[in-house]
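This report looks at how parts of a protein chain are held against one another. It takes up disulfide links and then nonpolar cores.

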Amino acid sequence: QVQLQESGPGLVKPSQTLSLTCTVSGGSITTSYYYWSWIRQPPGKGLEWMGAIYSGSTYYSPSLKSRTSISRDTSNNQFSLQLSSVTPEDTAVYYCAAGLQLVFSVGGMPYWGKGTLVTVSS
């Protein structure tokens, strides 16, 4: 079965770029049919879909598109998230997940990482 694990710095300074990596095991990001996705949850708020990569194409939330980039590293079976120009409002638990559809839904994403807290603070 597919397993995912997030990794990256837990603290990012305002105006800098938040960068996280999701390591995938049990499935290939180049041959599977999953939307490899990023979701975040700010403190006290709900889950927010950020974007996904699927079949070589990327898809982003309109509200985050201008500063979000999702890419993949096929040699390490990983995909990554970069969120530029961060502010304290970007503080959240960030999850990577494998989804069966582009539109976000918890039920449509059978595989999730544990999540990692990223704090934006000076």
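## The disulfide

One disulfide (a pair of cysteine sulfur atoms within 2.5 Å) turns up in a search of the whole structure. C22 and C96 form this link, with an S to S distance of 2.1 Å. The link is right-handed, with 65 degrees about the S-S bond. Strands here are DSSP runs of E, at least two residues long, numbered from the N terminus.

C22 is buried (under 20% relative accessible area, with a 1.4 Å probe and protein chains only), at 0%. C96 is also buried, with a relative accessibility of 0%.

## About the model

The model is predicted: local features need pLDDT of at least 70, side-chain atom pairs count only at pLDDT 80 or more, and totals for chains, interfaces and linings use all residues. Residues are numbered from 1 along each chain as its sequence is written, and side-chain values use heavy atoms, leaving out hydrogens and water.

## The nonpolar cores

A nonpolar core is a set of buried Ala, Val, Leu, Ile, Met, Phe, Trp, Tyr and Cys residues joined through side-chain atoms within 4.5 Å. The largest one has 26 residues, and L18, W36, W38 and Y94 have the most contacts inside it. At least two residues of this core come from each of β3, β4 (35-41), β5 (48-54), β8 (78-83), β9 and β11 (116-120).

A second core is separate and has six residues, including Y35, I39, W49 and A97.

Conventions. Buried means under 20% relative accessible area, exposed over 50%, partly exposed in between (1.4 Å probe, protein chains only). Helices (H or I, at least four residues) and strands (E, at least two) are DSSP runs, numbered from the N terminus.
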